[in-house]
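Open the structure in your viewer and keep the selection tool at hand. The stops below say what to select next and what is there.

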Amino acid sequence: MGLGPDDHLLDGVRLQVTMTSRAAGIAPPVNGVTTNYTDSAALTDDIKRARALGFTGKLCIHPLQVGPVRAAFAPIADEMEWAQKIVDVASQSGSGASSISRAMIDKPVVERAMRILRLNAIGAGT
């Protein structure tokens, strides 16, 4: 395609890939590599963008990248707490929508919470 080094131009395609995998009910995709393995700022930026686009992992080309990638894609404590609260409220309310602190909880929200809990279980080796 003759694109330059600014791979942000591909973000529309990346979003389409994550949306398509979600719609198909298949595992979320893994983002590609950050080629400059010595540039930790570029890696951090790439990870943030990948998470925002719906990726749940990132390929690494050097051992220096493994730790930051693993840490960045692990659910943070706030996410885990939120997800567990959502699942608990949903299981108590049965089917249909419910709410927490004036925020509606419906099926897509519950599914997102369950994905976060599953990803954490996978990352923890359980």
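Start with the largest pocket: select Arg51, Thr56, Arg112, Ile116 and Leu119, which lie nearest its centre among 13 lining residues. A pocket here is an open set of points on a 1 Å grid over the protein atoms alone, where a 1.4 Å probe fits, with protein on both sides within 12 Å along at least five of seven lines; lining residues have an atom within 4 Å of a point. The space in this pocket is about 350 Å³, counted as that filled by probe spheres set on the points, which are joined across faces, edges and corners.

This is a predicted model, in which local features need pLDDT of at least 70 and side-chain atom pairs count only at pLDDT 80 or more, while totals for chains, interfaces and linings use all residues. Residues are numbered from 1 along each chain as its sequence is written, and side-chain values use heavy atoms, without hydrogens and water.

Next, select helix α5 (residues 107–123), which gives the largest share of the pocket lining, 4 residues. Helices are DSSP runs (H or I, at least four residues), as are strands (E, at least two), numbered from the N terminus.

Now show the whole chain: 5 helices and 2 strands, in the order α-α-α-α-β-β-α from the N terminus.

Then colour by pLDDT, the predictor's confidence in each residue, from 0 to 100. The chain mean is 86, and 94% of residues reach 70 or more. Confidence is highest in helix α2 (residues 40–52), at a mean of 94, and lowest in strand β1 (residues 98–100), at 78.
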